[in-house]
Amino acid sequence: MTLRWPTGEAEEGPAQDQTLIAIREVLPSEAGVVSAEDRRQHLSFIQAVVTRMSQASSSSKSWLLPIVTLTYGYAITGKSVLVGLLGCLAVLVFGVLDANYLKQERAFRKLYDEVASGRPIPAFSMSPTLASPSDRKVNYWPGKPDLRSWAVAPVYLPLMLAGLGVVAWLLCR
């Protein structure tokens with residue numbers, strides 16, 4: 001089966017203009033007001049992303065605890081500094097990952113607030129950079145507020161200190 005595309009325009013210039021006018025009459029204008037139902041659905045989509053980020057953060061903590069227990073426990077019983085350091089590396093990686101989830105969640109919450117307030121965000125846009133014009137550049141690394149958050153620092157800092165304590169204890173033996 002061969003698909004053959006037409007070699008030219010389907011309509012001449014004036015006919016294209018008439019088609020464009022007919023389409024614009026049927027569809028709402030780009031600068032027009034977004035319906036309440038569309039705004040509710042847009043907010044629902046954004047909330048789904050926020051929920052997913054929250055669940056991913058919880059999962060990262062759930063995955064880290066057995067890894068840390070295993071590595072620190074084995075480092076103590078097997079007297080292995082390298083395994084203890086591997087546990088510290090796991091805490092660091094999961095901590096940065098969790099802080100990034102928090103950063104993304106905050107960005108989508110800001111987008112949610114902008115859409116809810118009726119600010120000019122394109123309908124069904126899922127780009128959180130539209131919510132803060134100063135943050136147009138996408139940065140995937142979490143910042144200090146994300147790392148210092150109550151959801152990150154009180155969880156990962158004690159685990160890191162415990163791992164460093166295990167490593168220090170093994171080195172002093």
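The numbered points below take these topics in turn.

1. The model is predicted: local features require pLDDT of at least 70, side-chain atom pairs count only at pLDDT 80 or more, and totals for chains, interfaces and linings use all residues. Residues are numbered from 1 along each chain as its sequence is written, and side-chain values use heavy atoms, with hydrogens and water left out.

2. The mean pLDDT (the predictor's confidence in each residue, from 0 to 100) is 85 for the protein, and 92% of residues reach 70 or more. Helices (H or I, at least four residues) are DSSP runs numbered from the N terminus.

3. One aromatic pair is counted, where rings of Phe, Tyr and Trp (its six-membered ring) pair if their centres lie within 6.5 Å. The ring centres of Phe45 and Phe124 are 5.8 Å apart and the planes stand at 50°, so this pair is tilted; planes under 30 degrees apart would count as stacked and over 60 as edge-to-face, the rest being tilted.

4. The pair joins distant parts of the chain, 79 residues apart: Phe45 belongs to helix 2 (residues 36-77), and Phe124 to the loop between helix 3 (81-117) and helix 4 (144-147).

5. Phe45 is partly exposed at 37% relative accessible area, as is Phe124 at 35%. Buried means under 20%, exposed over 50%, and partly exposed in between (1.4 Å probe, protein chains only).

6. Trp169, in helix 5 (residues 153-172), is partly exposed at 39% relative accessibility. Trp169 and Gln18 lie 151 residues apart in sequence and 81 Å apart in space, C-alpha to C-alpha.

How values were computed: Helix = DSSP H or I, 4+ residues; strand = E, 2+ residues; numbered from the N terminus.
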